[in-house]
Amino acid sequence: MSAPFSLSGRREVEELMKKYHICGSKILHEDLKKYMPGGVSSSFHKPQYRDYPLAIDYGKGSKLYDVDGNEYIDYIGGFGPMILGYAPKAVNEAVEEQLKYGSHFSSPTLSILELCRLLTEVIPSAEMVSFQNSGTEAVMQALRLARAYTGKNKIIKFEGQYHGWADEEKITISASSVEELGDRENPNRILHTRGMRPDSAQWLYIAPWNDLDYLEKLMKEHCHEIAAVITEPVMCDSGPILPRPGFLEGLRELTLKYGILLIFDEVITGFRVALGGAQEYYHVTPELSTFAKAVTAGYPFGVIAGKKEIMDGGVPSSGTFNGNPVGVAAALATIQELKNPGTYRHLEEIGNALADGFQKLAVKYGIPIYTRAVGGIFILYFGFEEDVLDYREWLEKADVKFYERFVKGCEKYGVRFTDQRGREYISTAHTMEDVKRTLQIADVVLGEITEGYRED
Ligand SMILES: Cc1ncc(COP(=O)(O)O)c(C=O)c1O
């Protein structure tokens, strides 16, 4: 049996598989630690499997180059924004053009009007939009809008879903075991860090995902106090887990039946699974949705979109940099690029080729590998093959240790996959050549992990 892009022999392996030296990253981390807590700007910058993160010199297309000059095919994508690859020409040129006129005015601009028109054209649920600078802020505002509009305060949030790092958003986002999640009928509200308000979860109901019976029971009993359900339409931030067929449609029906708003957190799925996000992909329209990351292909920005009567309900959206011209220019250029014919077909082709290749490797090494491709998201995990329903089932089945060893192994040879989560981002800059090399490296690393290199 041979893998799809298998190496022909040991010499070729040795040539291609020179392990990287990354002492520059280590030295930089030691220096940074003197000035910054943990030596990182965001806790997510340091993967779980190493003591220090790779320090990057520059990025171009599908590749990143570290401070030691090593090249990596990258599937981390800056945690999602880099849908057009690193340093996308059209977006950078639009930003450079804007910079000639100024980077910030705290005032309306003609470009804001243009972006409003474009967003309301491409996002199915967008009757109106407003702007923030990150996904965290967009979600904060969406929750506030939902509470103001309904006059109710509770929110249903799902286990394992991350909506940002504000106190109320960072609840039960991860757990080390199912036991830690507590009773399925009454899941624990897990505060993610010390220093969060002890009552951060006071206004939340935590629920398992993909379970309409559970939700109907909860809504029937408590709809008088529940303002909204917030969900990622594809659960990307742990898992990832796909919505079971009919789940999003069922959730839509239930929320309408019980007078509860539906909020899609499309910070990851927006502009990535389809131009109009998961709401376009699955044909389910929420009242409110949030976007960030891929909307600007690498510049800080956030968008809240939704129904006019909710968006325009007298709840101000504040913030010094909201609607800043640099982000607006980047968003306009990004959306124009994404509108190019064939964009999403290319993303899916790359995802499908990776999935095919990994399935062949699963057979070759006799291990269960889970792969799915949805727009610009490639899902890769070890330990199971079929879709799992919720975060609990994922925790039981996913072989986190194996995945970590795999990711760590690939990084040594020049491919970067996402730390722990199995959510790999594809960009329009990824090529079939990248796929080929990725699978070659995966082949070697799986051989190493599953004990011993196997000759074809
Ligand atoms: C689904 C989801 N919502 C919200 C956020 C927060 O976005 P940001 O990091 O831009 O604040 C993230 C970030 O990863 C996310 O994945």
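Biologist: How far apart do the C-alpha centres of domain 1 and domain 2 lie?

Modeller: First, this is a predicted model: local features need pLDDT of at least 70, side-chain atom pairs count only at pLDDT 80 or more, and totals for chains, interfaces and linings use all residues. Residues are numbered from 1 along each chain as its sequence is written. Domain 1 covers 10–79 + 342–449 and domain 2 covers 89–338, with bounds from an automatic or database domain assignment. Between the C-alpha centres of these domains the distance is 26 Å.

Biologist: How many residues does the contact take from each domain?

Modeller: Two residues are in contact if their C-beta atoms, placed from the backbone, lie within 7 Å. By that rule, domain 1 gives 21 residues, and domain 2 gives 26 residues.

Biologist: Which element gives the most to the side of domain 1 that touches domain 2?

Modeller: Helices (H or I, at least four residues) and strands (E, at least two) are DSSP runs, numbered from the N terminus. α12, β11, β12 and α13 (391–397) each supply at least two residues to this side. With five residues, the top contributor is α13.

Biologist: How many charged residues has that side of domain 1?

Modeller: Ala, Val, Leu, Ile, Met, Phe, Trp, Tyr, Cys and Pro count as nonpolar, Asp, Glu, Lys and Arg as charged, and the others, Gly among them, as polar. The side of domain 1 that touches domain 2 has nine nonpolar and five polar residues. Its charged residues number seven.

Biologist: Which residue in β14 stands opposite isoleucine 379?

Modeller: Strand β12 (residues 377–382) runs antiparallel to β14, and three bridges join them. Opposite isoleucine 379 stands arginine 423.

Biologist: Which residue in the turn of the β2 and β3 hairpin has a positive phi?

Modeller: β2 (residues 63–66) and β3 (residues 71–74) pair in the antiparallel sense over three bridges. Four residues lie between the two strands. The one with a phi of about 85 degrees is glycine 69.

Biologist: Which strands stand at the edges of the four-strand sheet?

Modeller: The order of this open sheet is β1-β2-β3-β13, with mixed pairing. β3 and β13 (residues 415–416) run parallel, joined by two bridges. An edge strand here has a single partner, so one of its sides lacks a neighbour in the sheet. The edge strands are β1 (56–60) and β13.

Biologist: Which helix gives the most to the shell around the ligand?

Modeller: A residue is near a molecule or strand if its C-beta atom, placed from the backbone, lies within 6 Å of it. The ligand is surrounded by 14 residues, and Ser134, Gly135, Thr136, Gly164 and Val267 are the closest. By class, the shell has six nonpolar, five polar and three charged residues. Three of its residues come from residues 135–150, helix α5.

Biologist: What radius of gyration has the protein?

Modeller: The radius is taken over C-alpha atoms, and the globule rule is 2.2 Å times the number of residues to the power 0.38. For 456 residues, a compact globule would come near 23 Å. The protein agrees with that, at 22 Å.

Notes:
Pairing = 2+ DSSP bridges.
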